[in-house]
Amino acid sequence: MSTPSPHGRSRVAALAVALAAASTLTLTACGGDDSGDSSTPSATPTAPDTASFSGNAASALESVEASVRAKASERAASASAAASSFEASVSAETERANKAARTELAEVDGQGNAMSEVTMTGKPRSETGGLLAVVVTITNKTDKAASYAVQVDFLDSSGKVVETRYVGAEDLKPGEKAQPVAVSRKPAEPVLTPKLAKAQRY
């Protein structure tokens, strides 16, 4: 068995020293010192700052939808209030004459004696809160004072009468005009057509 040469022994010794040094460094890095504080600071994840968040997409869409619904509801309520206000103003001005007209026309056969003295004009729905309303223009074409009773029928697309309204004017002087308004209380749909059914001078 041959023995290592002096040169070979020195290389082995140098390698052993290097290994020992590396082991020492490894133990120092893992074990730390003897003070007991063996933990080393490490980076930990932090929660995002949600203070600047404005909400997720779903909540934003829900908010927009709720806003649209609220505005639509407000518009509907406003239109309903406008319709009620318009009808109330018309009724307050003409209710007594309308009742008298209905009573008078109950005794009339046919279309009456004053059809040529009455015309009708539709009012824009923007002015009536969406209601179907017609202005009934009554003109006394005789040479003495007279009262008038008018019947307005509202027909559906088949020509069937679905509603009847009465308006009137009392004690019109010769040549004088009156313009009562006949208002349908039916829904906007289906669309109805107003028709002058009767007109009686008395």
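**Entry 1: a pairing to start with.** Which residue in β2 is the bridge partner of Thr121? I found that it is Val135. Thr121 itself sits in strand β1. I take helices (H or I, at least four residues) and strands (E, at least two) as DSSP runs, numbered from the N terminus. Two strands pair if DSSP finds at least two bridges between them. β1 (residues 118-122) and β2 are antiparallel and are joined by five bridges.

**Entry 2: ground rules.** I am working with a predicted model, where local features need pLDDT of at least 70 and side-chain atom pairs count only at pLDDT 80 or more, while totals for chains, interfaces and linings use all residues. Residues are numbered from 1 along each chain as its sequence is written, and side-chain values use heavy atoms, with hydrogens and water left out.

**Entry 3: confidence.** pLDDT is the predictor's confidence in each residue, from 0 to 100. The chain has a mean pLDDT of 76, and 54% of its residues reach 70 or more. I noted residues 22-32, where pLDDT stays under 50 and the model has two contacts beyond four places in sequence; contact means heavy atoms within 4.5 Å. Where pLDDT is low, predicted coordinates should not be read in detail.

**Entry 4: the whole chain.** I counted two helices and seven strands, and along the sequence they come as α-α-β-β-β-β-β-β-β. Of the 202 residues in the chain, 25% are buried. Buried means under 20% relative accessible area, exposed over 50%, and partly exposed in between (1.4 Å probe, protein chains only). Among contacts with a separation of 6 or more, 69% are between residues 24 or more positions apart. The chain exposes about 13900 Å², with carbon and sulfur atoms supplying 56% of it; this area comes from the Shrake-Rupley method with a 1.4 Å probe, and for residues only the protein chains shown count as cover.

**Entry 5: back to Thr121.** Is Thr121 buried, partly exposed or exposed? Thr121 counts as partly exposed because its relative accessibility is 46%. Leaving aside neighbours within four places in sequence, Thr121 is in contact with Val134 and Val135.

**Entry 6: strand β2.** How many residues of β2 (residues 133-139) are buried? I get seven of its seven. One side carries Ala133, Val135, Thr137 and Thr139, the other Val134, Val136 and Ile138, and both faces are covered. β2 pairs with β6 (residues 181-183) over three bridges, where Ala133 stands opposite Val183. β2 also pairs with β5 (residues 177-178) over two bridges, with Thr139 opposite Lys177.

**Entry 7: the open sheet.** Three strands form an open sheet in the order β4-β3-β7, with antiparallel pairing.

**Entry 8: nonpolar cores.** A nonpolar core is a set of buried Ala, Val, Leu, Ile, Met, Phe, Trp, Tyr and Cys residues joined through side-chain atoms within 4.5 Å. The largest has 19 residues, of which Val118, Val136, Ile138, Val150 and Val152 touch the most other members. β2, β3, β4 and β7 each supply at least two residues, and β3 gives the most, with five. Another core, of five residues, lies apart from it and includes Leu131, Val135, Val181 and Val183. I also listed what Val152 touches beyond four places in sequence: among its contacts are Met120, Val134, Val136, Ala182 and Pro194.

Entry 9: Most residues other than glycine have a negative phi, and most peptide bonds are trans. Asp171, in strand β4, has a positive phi of about 55 degrees although it is not a glycine. Asp171 is exposed, with a relative accessible area of 59%. The Glu189 to Pro190 peptide bond is cis, with omega near -5 degrees, and Pro190 is placed in the loop between β6 and β7.
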